[in-house]
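This report describes the fold of one protein chain, from single residues to the whole. The sequence and the structure come first.

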Amino acid sequence: MRIEHPIPPLYGPNSERLILGSFPSVKSREAMFFYGHTQNRFWKTMAALCSSEVPKTVEEKTRLILDHGFALWDVIASCEIVGSSDSSITNAVANDLTPILAGSRVTRIFCNGTTSYRLYGKYIQPFTGIEAVCLPSTSPANAAWSLDRLIETWGAALNP
C-alpha cells in the first residue's frame, strides 16, 4: 500500500543543521511527529547533545530542535512500506527540500541511518549539491549501537 508522508517539516529561520530520517514509522505516523516510537533513541540522543531534559511532548520536542538550530524531516515523501521496515521500502518518491533550504540557514545535512543516507544521495543530493553525513540510526532495530555510543558519534558529527 502506498503511504504519503503525513508530518510537515520542522524548521525555523535559524535552523542550520538538517537531520533527515527515511520515512516515519507506524508509531510516528500515529503520533503525527518525528521519532514517535518510545524505543527510538533519537530524543534521548538529542537531549544529551543539547544538555537538556528528554522532551516528552510535541511542544517540548519542537522547542528542543528549533532552540538549538536544528531542522527535521525525512527523505521520502511517499512510498510503499511494510510496517516500519526501511528494508521494505519500494517505489519511493523524495521530498523537496527547497522550502527548508530557502526558509532557513541550513548548510549541513545529516542522515539518521544508512537508508536515509542512500536515498538522499540518490534522489536529493543532485538537486541540493549538499553532501550529507551518515549517522548511525537511532532506531531500536540498530541494537548494535548503545545509547552512549550514539551520543558520542552524533555529538562528534553535529557539534565538531
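## A residue in helix H3

Asp 67 lies in helix H3 (residues 58-67). Helices (H or I, at least four residues) and strands (E, at least two) are DSSP runs, numbered from the N terminus. Asp 67 counts as exposed, because its relative accessibility is 57%. Here buried means under 20% relative accessible area and exposed over 50%, with partly exposed in between (1.4 Å probe, protein chains only). Between Asp 67 and Pro 140 there are 73 residues in sequence and 26 Å in space, C-alpha to C-alpha.

## Basis of the model

This is a predicted model, in which local features need pLDDT of at least 70 and side-chain atom pairs count only at pLDDT 80 or more, while totals for chains, interfaces and linings use all residues. Residues are numbered from 1 along each chain as its sequence is written, and side-chain values use heavy atoms, with hydrogens and water left out.

## The chain as a whole

The chain has six helices and seven strands. Their order from the N terminus on is β-β-α-α-α-β-β-β-α-β-α-β-α.

A compact globule of 160 residues would have a radius of gyration near 15 Å, and the 14 Å of the chain agrees with this. That radius is taken over C-alpha atoms, and the globule rule is 2.2 Å times the number of residues to the power 0.38. Along the principal axes, the C-alpha atoms fill a box of roughly 40 × 35 × 30 Å. Of the 160 residues, 48% count as buried. Among contacts (heavy atoms within 4.5 Å) with a separation of 6 or more, 64% come from residues 24 or more positions apart.

In strand S2, five of its five residues are buried. Arg 17, Ile 19 and Gly 21 point one way from S2, whereas Leu 18 and Leu 20 point the other way. In a regular strand the side chains alternate between the two faces of the sheet.

Two strands pair if DSSP finds at least two bridges between them. S2 pairs with S3 in the parallel sense over five bridges, and four bridges join S2 to S6, also in parallel. Leu 18 takes part on both sides: Ala 71 stands opposite Leu 18 in S3, and Ile 109 is the bridge partner of Leu 18 in S6.

## The antiparallel sheet

Three strands form an open sheet in the order S1-S4-S5, with antiparallel pairing. Its edge strands, S1 (2-4) and S5 (90-94), each pair on one side only. S1 is joined to S4 (residues 76-80) by three bridges, and Glu 4 stands opposite Ser 78 in S4.

## Helix H6

Helix H6 (residues 147-158) has 12 residues, which at 1.5 Å a residue should span 16 Å; the end C-alpha atoms are 16 Å apart, which agrees. The expected span is 1.5 Å times one less than the number of residues.

Which residues of H6 are buried? They are Leu 150, Trp 154, Gly 155, Ala 157 and Leu 158. Seen down the axis of H6, these buried residues fall within an arc of 165 degrees, so they line one face of the helix. The arc is that of the directions from the helix axis to the C-beta atoms. On the other side of H6, Asp 148, Glu 152 and Ala 156 are exposed. The buried residues of H6 pack against S2 (17-21), H2 (42-49), S3 (70-74), S6 (108-112) and S7 (132-135).
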